[in-house]
Amino acid sequence: MNIKSIITAALALLISTACSGGAKQEKVMNKDGKSLVVFFSHAGDNYAVGNIEVGNTKIVADYITEVTGAEQFEIVTHKYDGMAYTPLINLAKEETKKGELPEYEGDVDMSGYDTVFIGGPVWWGTYPQVMFTFFKKHANDLKGKTVIPFTTHEGSGLANCVEDVKKAFPGANVTKGFSIYGHEVRTEKKKVEKWLNSLGY
C-alpha cells in the first residue's frame with residue numbers, strides 16, 4: 001500500500017470515528033453499565049382489559065429486560081389480591097390521600113446498577129403507594145444514577161410520576177419517562193422497543 005492510500009484510509013477512519021462518537025453522545029444510556037427494572041404490577045381485575053393473570057406493567061418490564069438485558073425487582077404486596085377494580089381504586093384513593101406506605105416483600109441492593117427503570121400503573125395521579133414505600137427506603141441509593149420512569153395507564157399518561165420520582169430521588173438523573181396504555185401492552189411491543197431504541201438500546 002502506498003503513502004497516498006494509507007493517508008486516505010486513515011482519514012476515512014478518523015471521519016468514521018468522529019461520526020459514530022457524535023451519535024453516541026445523543027444516547028441516554030450507558031450500555032456497558034448494569035440496568036435494573038423496579039416495578040409494581042397488578043394482576044387480577046384491571047380497567048379495559050378485565051381479569052388478567054399477568055399485570056400490564058409486568059409485561060412492559062419483561063419487554064425492557066428482553067431488549068436491554070436488565071435485571072428485575074418486582075415490588076410485591078398481597079394487599080390488593082382478589083379485589084375488584086372499583087373497590088381497589090377506592091382503596092388506592094384513600095391510601096394516596098392519607099400518604100399510606102404499605103409493606104412489600106423482599107428487597108434489592110441497587111449499588112451495582114448504573115441505570116434504573118421504575119414502572120407501575122397510574123392510580124390517582126401517580127404510582128401506587130406501595131411504590132412510595134420502596135422510594136422512601138431507597139431515597140439515598142440512586143444518587144448519580146440514570147432513572148427512567150415508565151407507566152401503564154388508561155388515559156393518565158405519566159401523570160405526576162416523573163415529578164414524584166424526582167422528589168423521591170433528588171440526586172438521580174431522572175429522564176422524561178415513557179407511558180403506554182394498559183390495553184396496548186400485549187399487542188404494541190414495538191412501541192416499547194421504539195422507546196428503548198431512542199435511548200440507545
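User: Which residue in strand 7 is the bridge partner of Val147?

Analyst: Keep in mind that this is a predicted model. Strand 6 runs parallel to strand 7 (residues 173–174), and two bridges join them. In strand 7, the one that partners Val147 is Val174.

User: OK, and strand 8: which residue there is the bridge partner of Thr152?

Analyst: Strand 8 covers residues 178–181 and pairs with strand 6 in the parallel sense, over four bridges. Within strand 8, Thr152 has as its bridge partner Ile180.

User: How many bridges pair strand 5 with strand 6?

Analyst: One spot to look at is Gly119, which stands opposite Phe150 in strand 6. Strand 5, helix 4 and strand 6 also make up a β-α-β unit, and it's right-handed. The two strands pair in the parallel sense, and the number of bridges is seven.

User: How many of the residues in strand 6 are buried?

Analyst: Side chains in a regular strand alternate between the two faces of the sheet. Here Thr146, Ile148, Phe150 and Thr152 point one way, with Val147, Pro149, Thr151 and His153 pointing the other way, and all are buried. For strand 6 (residues 146–153), that makes the buried count eight of eight.

User: What is Phe135 in contact with, leaving aside neighbours within four places in sequence?

Analyst: Skip the neighbours within four places in sequence, and its contacts are Ile118, Tyr127, Val165, Ala168 and Phe169.

User: Last one: does His42 count as buried or exposed?

Analyst: His42 sits in the loop between strand 1 and strand 2 (44–46). Not counting residues up to four places away in sequence, it touches Ile52, Gly55, Tyr80, Leu88 and Trp123. The cut-off for buried is under 20% relative accessible area. His42 has 9% relative accessibility, so it counts as buried.

How values were computed: Residues are numbered from 1 along each chain as its sequence is written. This is a predicted model: local features need pLDDT of at least 70, side-chain atom pairs count only at pLDDT 80 or more; totals for chains, interfaces and linings use all residues. Side-chain values use heavy atoms; hydrogens and water are left out. Contact means heavy atoms within 4.5 Å. Buried means under 20% relative accessible area, exposed over 50%, partly exposed in between (1.4 Å probe, protein chains only). Two strands pair if DSSP finds at least two bridges between them. A crossover is right-handed if, with the strands pointing away from the viewer, the path from the first strand over the helix to the second runs clockwise.
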